[in-house]
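Hi there,

Here is the structure I promised to pass on. Have a look through it first, and then read on for what turned up.

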Amino acid sequence: MMIETRNTKDNLSTLIQDGKNLSMKFGFLGLGMGGTSIAATCADIKTSIKNNHHPYTALLINSNEIDLTKVQPINSNTKKMLIGDGKGAGRDIIMGEELYKAKADEISNAVKTQFQDADYVWLVAGLGGGTGTGAVIQAIGTLLNSGFSGKFGMILTLPRLKEGKTVLDNALQRLKKIGSVMENLGPILLVDNEKLFTEFSLEKPNSSVSEYLKFSNKYVAEALHELNTVTASYLPTSEYHFDSSEFEKILKTPGLLHFARFTEKASTIDASQQLSYAQKLKDLINRGVLSDGYDLNAAKRLAVSVLTDTLTANRLFTFEFTKTMEDLVNDISPTALEKPIATYQTNELKGTAGVSFYAVFAGLDLPKDRITEMVLEHKKLQELENQKKEKIDLFAGFESESSNKPSPNKSFDELFGNTENDSDKVISDKDALMNKLFDN
Ligand SMILES: Nc1nc2c(ncn2[C@@H]2O[C@H](COP(=O)(O)OP(=O)(O)OP(=O)(O)O)[C@@H](O)[C@H]2O)c(=O)[nH]1
Ligand SMILES: [Mg+2]
């Protein structure tokens, strides 16, 4: 299944992660528990296992001290910052926003220092909580005013449907706000917890949510790093190249960013099977990696890269192959402004690693079906809550046949037994209670 394939450390991904060039030096600004966890994992990526080199860096901001302590970055360049009194924002987005605002100047200075060598910053938040979701708009402001205008994107998680009404409400409020100004911002990479969690739990039914979160964070980090490396490391075999400058354009394209990747064993591949893996690529593009439900027809930009060893490249990258791939992307996104199909080969792979396909789509709208699902779930929960409220009035519509109206002369004690009644407070409480109970 898909997750197995992604998780497998094949030669190719080991090679990609081990000391290749990067298109961009990323910085990660993480907000809240989800945001800091993902940002820390992204910055923990190493380019060379031997040299222990971390090419990225992160600034982790949370209002909950315990949660901030729990995130333990390996990368010693990653910095943490506590906002508020350490008790968290308890799913209150107004509080999350206020706590951030109170430290905005300090954060702004920390951002400038922490990301002075970064080419590009990813603002990371888990949508649904109080801190990350509350602070995300303010943090956009910080980046715009700290020299990162046009040089930042967002990684946002979508909550699972079962996380409850408040979480959905918070997430939808922010998505709506961000969606309305999206055309003026950088790309947004959605990590759909509902989708990934469902796939993960099918794959590993006995695992826990925390195992899932760890897995998904690592998965986001590796996927992003892989894209950043593939675009900078290999020699193209044709005139088309999905290179660093192409990647940079994608990272400047407003709207949703979507991608798919898979690796096929080289031994099972030859040019005559191109239709079958073109179909597989198409299926995986629709299924997506981190999220799905996009209208790919609307993509402004896309790129497909195919990477393999020299031997496989010689028999695979035929004119026919390129044509099949071109037909595929034209079918999926006919109006995209640019759509290079880039094929790469490397001598470093010895014919056993396989063929890796990467497809990236930029400039998409929010995933309609997923947002609709969240809105409907929120509506359903709201209706259930309303019904519950109605139920509180157990005796609504009850009319007594006998006259059992209380005598207004009865004292509180006579009605309710031994209660103090000599203080003003009790008297006014009593009056209020009486009024409420007996509608006097
Ligand atoms: N993929 C992923 N999603 C996460 C992770 N942690 C939390 N989330 C998601 O992020 C949402 C927001 O949760 P948190 O990040 O814990 O919230 P917070 O920003 O700390 O806000 P408060 O705790 O309410 O102040 C959750 O509803 C989850 O859907 C994580 O490690 N990985
Ligand atoms: Mg929290």
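A residue is called buried when its relative accessible area is under 20%. With a value of 5%, Arg370 therefore counts as buried. Please keep in mind as you read that this is a predicted model.

Asp85 and Lys87 pair through their side chains at 3.9 Å, N to O. Here Asp85 is exposed, with a relative accessible area of 54%, and Lys87 is exposed at 67%. There is also a salt bridge between the side chains of Lys252 and Glu248, at 4.0 Å; Glu248 is partly exposed, with 33% relative accessibility.

Now to the ligand. Ligand 1 is surrounded by 21 residues, and the closest are Gly34, Arg91, Gly130, Thr131 and Glu163. By class, this shell holds 13 polar, six nonpolar and two charged residues. On the backbone side, a polar atom of Gly130 is 2.7 Å from an oxygen atom of the ligand, and an N or O atom of Gly132 is 2.7 Å from a ligand oxygen as well. Asn193 uses its side chain instead, with an N or O atom 3.0 Å from a nitrogen atom of ligand 1. Taken alone, the ligand exposes 640 Å², and the protein buries 90% of that.

Which helices supply at least two residues each to the shell? They are H3, H7 (131-144) and H10 (209-233). H3 gives the most, with four residues.

Nine of its twelve residues are buried, so the helix is largely enclosed by the rest of the structure. Among them are Gly32, Gly35, Thr36, Ser37 and Ile38. Its length also checks out: at 1.5 Å a residue, residues 32-43 should span 16 Å, and the end C-alpha atoms are 16 Å apart, which agrees.

Technical notes:
Residues numbered from 1 in each chain as written. Chains lettered and ligands numbered in written order. Predicted model: local features only at pLDDT ≥ 70, side-chain atom pairs only at ≥ 80, totals over all residues. Heavy atoms only, no water. Expected span 1.5 Å × (residues − 1). Buried < 20%, exposed > 50% of the residue type's maximum accessible area, 1.4 Å probe, protein only. Near = heavy atom within 4 Å. Polar contact = N/O pair within 3.5 Å; in protein donor to acceptor, adjacent residues only side chain to side chain. Areas by Shrake-Rupley, 256 points an atom, 1.4 Å probe, with all protein chains shown as cover. Nonpolar A, V, L, I, M, F, W, Y, C, P; charged D, E, K, R; others polar.
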